[in-house]
Structure formats: structure tokens, C-alpha cells
Amino acid sequence: MMVVDTKTKRCLYLQLVCLLLSTLKGEGFYMGITYVQNAVAKGAVCLDGSPPAYHLDKGFGTGINNWLVQIEGGGWCNNVTTCLVRKNTRLGSSKQMVKQLAFSGILHKEETFNPDFYNWNRVKVRYCDGSSFTGDVEAVNPATNLHFRGARIWTAVIEDLLEKGMKTAKNALLSGCSAGGLTSILHCDGFRALLPTTTKVKCLSDAGYFINAKDVSGVEHIRAYYNDVITTHGSAKNLPVSCTSRLNPSMCFFPQYLAQNIRTPLFILNAAYDSWQV
């Protein structure tokens with residue numbers, strides 16, 4: 001079945017609470033969607049072949065040269081069946097995404113609600129590939145029309161943001177929640193490499209530290225699941241070489257085998273108990 005884990009639900013719930021509180025004070029706001037149309041020619045597309053997308057609120061004042069890039073969460077799909085289910089939802093198609101997205105919490109524009117980042121350039125990158133932006137399979141089966149191109153989406157979106165001004169960033173923070181939190185770990189050093197050496201870069205993973213452990217029935221479910229994700233999406237070649245040079249790629253979706261070799265400063269926020277993994 002398609003996995004939309006409890007971490008994602010918690011992240012969405014917290015954002016909803018922030019939105020409701022801000023709305024009561026007249027502070028809520030929405031940002032329009034930006035489609036990366038030129039990504040299609042590069043094959044950087046969602047599961048259904050539609051262009052990737054993000055929402056951007058430009059910075060101002062002292063934050064005009066600072067960038068916060070937050071990656072949307074939403075689990076993964078690990079085979080053709082689960083990816084087909086996902087294909088016609090917002091997690092597989094930009095055609096199904098809302099045109100206006102609420103910016104709250106770490107994305108809020110009011111200092112009262114977001115004192116650290118309110119005036120930064122704040123970006124919400126939409127998630128529509130099902131592989132935490134790691135997949136890259138050239139062939140497309142005409143029977144399913146599924147595109148496994150998460151890694152290409154990652155590159156296309158970041159390149160678009162660089163052209164929008166991120167190439168002159170003074171500070172940049174890559175963040176994400178749940179599957180997006182895993183993305184911020186997997187791509188942390190890659191994000192650093194795409195920015196000028198003068199830019200101060202850090203990464204934040206919120207609820208993205210999934211561990212290699214047996215479930216309550218004693219089965220190594222998540223290890224087998226991640227192996228299927230990597231196989232389906234052709235992700236192995238896009239995972240950190242610092243891990244794949246030592247371990248089977250199926251292990252390199254687990255932050256516990258990655259974190260010690262990440263050179264860019266990484267902050268990890270995770271609950272002590274994870275009901276989805278349990």
C-alpha cells in the first residue's frame with residue numbers, strides 16, 4: 001500500500017495548528033505555485049510526467065540574501081503498484097497540487113511566528129516522485145507511463161532557484177519533514193556543493209531519521225521496503241558515495257549509516273518514539 005507515515009501527518013497537523021492560530025490573528029497567508037516548465041525537456045518530471053513545482057515567498061530587509069528551502073514529505077512508493085496509486089495524487093502529479101499553499105511555521109512571514117526566518121527567501125518544494133528525490137530511470141513503460149526521475153527533479157528545482165537569486169545567497173538552510181527530512185540528509189552535501197563556497201550552508205531534518213530496525217513482529221520491514229524503493233526508482237547511483245562505497249545501497253537510505261560522513265552541518269530533530277516505525 002502507499003505509505004503516508006504518521007510523521008508526515010504530524011508535520012501537517014503542526015502546520016495546520018500554526019495556520020489556524022495565525023488565521024485567528026489575521027496573519028495567515030498563501031503562496032502561489034511555480035511550475036518548473038523547462039524541467040520537462042530534461043526529463044525532470046513527476047511520476048505522471050508533469051513538471052515539478054515549488055512555492056516561493058521572496059525575502060526582504062536583512063534576509064534578502066538568505067534562503068530557506070523546505071522539502072515536502074509524504075512517504076514513498078516502492079513498486080509499480082504503489083506508484084500507480086500515487087501517480088494521480090498531489091504526491092505524484094503537479095496537476096493535482098493546490099495552486100495556493102499555506103505558509104506557516106518555519107515558512108511564516110511574520111516575525112512573531114517565525115523570528116529566525118520570517119524575512120528570508122522561503123521555498124516549499126513539492127514532492128511528486130516517491131523516492132525522496134533520488135530516482136533516475138530513463139525508460140518509461142508506455143503501459144504505466146510512470147516516470148522515476150526524482151534526482152532530476154532535485155537538480156532542476158535547485159538550478160531554477162539558483163537563477164532566481166539563490167546563487168548569491170549569504171546563508172542557506174535545507175530543511176524537510178518526514179520523507180522530506182530524509183531528503184535533506186541525503187542531499188545535504190550535494191546542496192552545499194551547488195552553492196558558492198562563500199555561502200554558509202546548513203541542513204535540518206525534521207522527523208526524517210528513519211532507523212534500520214525490526215518492527216514489533218520481528219520482521220525487517222523497513223529495510224526490505226527501502227530496498228524496493230531503491231530498486232524501483234534506480235536510486236543507487238544517486239545515493240551518497242560515502243555510503244554506497246562501503247555498504248549495500250539498500251542500507252544507504254538509513255541516516256544512521258550516512259550522518260557520520262556528512263560534511264555540511266546537519267541538525268536532526270526526531271521524536272523519541274515513532275509510531276509508524278513501531
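**A serine and its surroundings**

Reply: In this predicted model, Ser-132 has a relative accessible area of 0%, so Ser-132 is buried.

Me: Where is Ser-132 found?

Reply: Ser-132 belongs to the loop between strand S5 (121-125) and helix H3 (150-163).

Me: Which side chain forms a polar contact with the side chain of Ser-132?

Reply: That of Trp-76 does, at 2.9 Å.

Me: What else does Ser-132 touch, not counting residues up to four places away in sequence?

Reply: Its contacts include Tyr-127, Leu-182, Thr-183, Leu-186, His-187 and Phe-253.

Me: Ala-179 is in H4. How many residues of helix H4 are buried?

Reply: Helix H4 covers residues 179-186, and eight of its eight residues are buried.

Me: A change of topic: in which strand does Leu-101 lie?

Reply: Leu-101 is part of strand S4, residues 100-102.

Me: Why does Leu-101 count as buried?

Reply: Its relative accessible area is 17%, and buried means under 20%, so Leu-101 qualifies.

Me: Which residues is Leu-101 in contact with, leaving aside neighbours within four places in sequence?

Reply: They are Phe-29, Tyr-30, Met-31, His-55, Lys-124 and Arg-126. His-55 is 46 residues from Leu-101 along the chain, while their C-alpha atoms are 7.3 Å apart.

Technical notes. Residues are numbered from 1 along each chain as its sequence is written. This is a predicted model: local features need pLDDT of at least 70, side-chain atom pairs count only at pLDDT 80 or more; totals for chains, interfaces and linings use all residues. Side-chain values use heavy atoms; hydrogens and water are left out. Buried means under 20% relative accessible area, exposed over 50%, partly exposed in between (1.4 Å probe, protein chains only). Helices (H or I, at least four residues) and strands (E, at least two) are DSSP runs, numbered from the N terminus. Contact means heavy atoms within 4.5 Å. A polar contact is a pair of N or O atoms within 3.5 Å; within protein, one must be able to donate a hydrogen and the other to accept it, and residues adjacent in sequence count only if both atoms are side-chain atoms.
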